[in-house]
Each structure stands twice: as structure tokens, then as C-alpha cells.
Amino acid sequence: MTIRFGIVGCGYIANRHARHIVDHPGAQLISAFDIDADKCEKYSSEYGAKPSATLQELVSHPEIDILTICTPNGNHHEIAIQALEGGKHVLVEKPMALSKAQCQQMIAAAESNDRLLFVVKQNRFNPPVQALKRLIDENRLGKLYMVNLNCYWNRNEAYYTNSAWKGTKDLDGGTLFTQFSHFVDIFYYLFGDIEPLSGVIANQNHQGLIEFEDTGCFTFRFNSGALGNFAYTTAAYDRNMEGSISVFAENATIKIGGKYLNTIDYQATNGFNISDLPISGPANNYGHYEGSMSNHDKIIHNVVETLNGRESIMTNAHEGMKVVEIIEKFYRIGELRS
Ligand SMILES: NC(=O)c1ccc[n+]([C@@H]2O[C@H](COP(=O)([O-])OP(=O)(O)OC[C@H]3O[C@@H](n4cnc5c(N)ncnc54)[C@H](O)[C@@H]3O)[C@@H](O)[C@H]2O)c1
């Protein structure tokens, strides 16, 4: 069955969604809505969709199976709930929402309307991440000792001044939500839940531009007992430097790095080296900054396959909520000391 999509929010990432929907043989883009009617018109004509004049018109469109939400983080939850209550499945961009309470309301709306709620976490599809996941699932690593995350990116003035919502507390939420929720998702996906132990956050180089921190350092402990260490900043000089996860375990030390968790930077293993990885796709390039890996084709494919009963959801709403809950815990502990 062809899966028929509608899109809410016609900005940067919505172009990625539309391109892959249009290119997928099992998907069709029906209509789009944006609060900026001119933008919606232009975007719709570029991808052969019909513009909707209101969100309700899109939600009640009889030909649409699933709505993709590509609006600012702070309104994901209310749009998702309206779509679910209108009988549509929902694919929501990361982060799922800005609080665990909002995520719970979204899950309740999905369950009571018997609809599916997918969350975009495209870095799970990066070949090195999938290779490490297979080793973990096969119990090859042995006891996990420590996981170390380094996220050193650059977000310059233009990134914030060109946006109506980035940098605001209400609609963006914080650097952990917009930039680094991908990395929180990856350590959760690979190694499970954590409890933060200590942390501190500060706005080092974006005063007057953003209403929250640009830099943070945390220690944490996994439920398994392994230790964790997370250092992040959007104040790296001039450009993105690194986005990495180093894993120290009984039978291996492995570092997945590059700028976006797209290369194996180091491995010393007990005879099971990761090799012959497929080449990772390019990062999302937005002109004045680079985002995460561009695996949105795999997200759209997973939606099409899941709604046809041939696959299961790559990142479900409970996992999306868990990431939000972990970020809230980091901020709670970090704000105490800032
Ligand atoms: N997965 C990724 O790697 C990735 C990358 C970039 C952005 N994102 C996420 O995608 C979302 C959008 O980010 P972006 O960079 O495309 O932002 P953007 O500002 O380029 O686009 C957002 C669009 O939403 C529209 N909009 C705002 N409020 C709306 C509303 N209530 N109803 C309908 N339209 C509305 C705006 O007019 C704008 O066109 C964010 O949640 C962001 O975190 C994810």
C-alpha cells in the first residue's frame, strides 16, 4: 500500500523529508502546511503537493495516512496531538517534545486513537552505530566499563539571528534538545538508561544570542553500573570539530567519531574488529552550518515498511520520551550549579 504523507512546517529539514517521500516508490506527498503561507505555497509547488490553508485542513485531509512534523521543537506536542486525534499516524522530528509530560500526552493521544507515533533519530542508521549495536546484541563486548561522549560543534551568530525560534527557551529548549539529543539517543539506544551524577552548564560564547547554555559537562552512571562522561559545546572555534562516542569494555575499546558518529576512529578488540562498513551518507548541509547525518531516506523507508506491516518502528515514542527525560535530568542537575 502506498503511504500518503502530509508535512507540517516547510523549513530546512522539511526539504529533506519531502525529497525522500517523493523519491520513495511506496510513498506519496499529498499536502503541506506552514504558518507562513508564501513559504508553504513555494514548498508545495516544488514537491508537487497541495498547500493546506490551515493545520486543521491538513489534519482532516481524507487521503493522508501520516503527518510529518517539522516545526520548532516547542510546538511538536500540540501539533502531534491534534494530528493523532484527527486519526493520522505521526512522524515527529527530534526532539520528540520539550518535556516528559508533553511526551506522555502525545503517547496517550496515540494510544487512545490507535495510531502510531514515530520519532526521527536518523543517526541510529549510521553504519558504525549499527555495527556497534550488532556487537552489543551478540554480547561480544563483555562487561561495559565506561562510555565517553564528546560533542564539539560550532553554531555561529547567523545560525541564531536567521531563525525565529532557535536560541529561545520556549521553542528551542536548549542545546541538548536541538543539537545533541542525537547523541543522548545513541548512548541510550546502545547501552540503556542512565542516572546523571554531576554536571555544570554555562553560556560561554553566545550571550545575547541564546536563552540557555552553549556548553556543558556531565558525569553519569548507566543502570548496568558502567560510568559515563558527556562534554558538549556549540562554541568550538569556527566549525564543527567532533561528535564521538568512546566505549571501554571488557573485550574492546571502540571509538565512533568523525563529526557525526560516521567513522570508526579507533578499535582494539578481542578478535572481532569492525570492517568493510558501507560509506556513510553526507551530513545535512544548510549553508551556514552543518547538521547531523542525512539518513532521512531510511526514516521514510521505515515508516512505509512499518505501516505496511513489514518492519517495526526504528525509534518509537517511548524511546523518544526516554531521551527527553534524560535531557531534563541533565538540565536539572546542571542548572543547580550554573
Ligand atoms: N533530524 C535532524 O537531524 C534535524 C535537523 C534539523 C532540524 N531538525 C528538527 O526539525 C524541526 C524543524 O527544524 P528546521 O531547522 O527545519 O526549522 P526551520 O525554522 O527551518 O523550519 C520550521 C518551519 O516551521 C514553521 N512553523 C513554525 N510554527 C509552526 C506552526 N505552529 N505550524 C506550522 N508551521 C510552523 C516555520 O514557519 C518554518 O517554516 C525542529 O524540531 C528541529 O529540531 C532535525
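**View 1. Strands β7 and β10 pair in the parallel sense.** This predicted model places strand β7, residues 144-152, beside strand β10, residues 227-233. The two strands share 7 bridges.

**View 2. Strands β9 and β10 form a hairpin.** Strand β9 covers residues 215-222 and pairs with β10 in the antiparallel sense. The pairing runs over 7 bridges. Cys-217 stands opposite Ala-231 of β10. Between the strands of this hairpin lie 4 residues. Gly-225 takes a positive phi there, near 105°.

**View 3. An open sheet of 6 strands has parallel pairing.** The strand order is β3-β2-β1-β4-β5-β6. Which strands stand at the edges? They are β3 (50-51) and β6 (117-119). Each has a single partner strand, so one side of each is left without a neighbour in the sheet. Within the sheet, β1 (residues 3-8) and β2 (residues 27-33) pair in the parallel sense over 6 bridges. Phe-5 has Leu-29 of β2 as its bridge partner. Helix α4, residues 76-85, packs on the sheet. This helix touches β1, β4 (66-69), β5 (89-92) and β6. The direction of α4 makes about 160° with that of β5.

**View 4. The protein chain is divided into two parts, domain 1 (3-119) and domain 2 (123-293).** Their centres, taken over C-alpha atoms, are separated by 27 Å. Across the boundary, 8 residues of domain 1 are in contact with 11 residues of domain 2. On the side of domain 1 that touches domain 2, the residues divide into 4 nonpolar, 2 polar and 2 charged.

**View 5. A shell of 27 residues lies around the ligand.** Gly-9, Gly-11, Tyr-12, Ile-13 and Glu-93 come nearest. The largest share, 3 residues, comes from α1. By class, the shell has 11 nonpolar, 11 polar and 5 charged residues. Domain 1 and domain 2 each supply at least three residues to the shell.

**View 6. A cis peptide bond joins Lys-94 and Pro-95.** Omega is about -15° at this bond. Pro-95 lies in the loop between β5 and α5 (100-112). As background, most peptide bonds are trans.

**View 7. Asp-238 has a positive phi, although it is not a glycine.** The angle is about 70°. Asp-238 sits in the loop between β10 and β11 (242-249). Is this residue, Asp-238, buried or exposed? Asp-238 is exposed, with 7 other C-beta atoms within 10 Å. The cut-off for an exposed residue is 12 or fewer.

**View 8. Leu-261 also has a positive phi without being a glycine.** Its phi is about 60°. The residue is placed in the loop between β12 (252-257) and β13 (263-269). How many other C-beta atoms lie within 10 Å of Leu-261? There are 26, and Leu-261 is buried. A buried residue has 20 or more such neighbours. Most residues other than glycine have a negative phi.

Technical notes:
Residues are numbered from 1 along each chain as its sequence is written. This is a predicted model: local features need pLDDT of at least 70, side-chain atom pairs count only at pLDDT 80 or more; totals for chains, interfaces and linings use all residues. A residue is near a molecule or strand if its C-beta atom, placed from the backbone, lies within 6 Å of it. Ala, Val, Leu, Ile, Met, Phe, Trp, Tyr, Cys and Pro count as nonpolar, Asp, Glu, Lys and Arg as charged, and the others, Gly among them, as polar. Domain bounds come from an automatic or database domain assignment. Two strands pair if DSSP finds at least two bridges between them. Two residues are in contact if their C-beta atoms, placed from the backbone, lie within 7 Å. Axes are lines fitted to C-alpha atoms, for helices over the stretch in contact, and angles run from 0 to 180 degrees between N-to-C directions.
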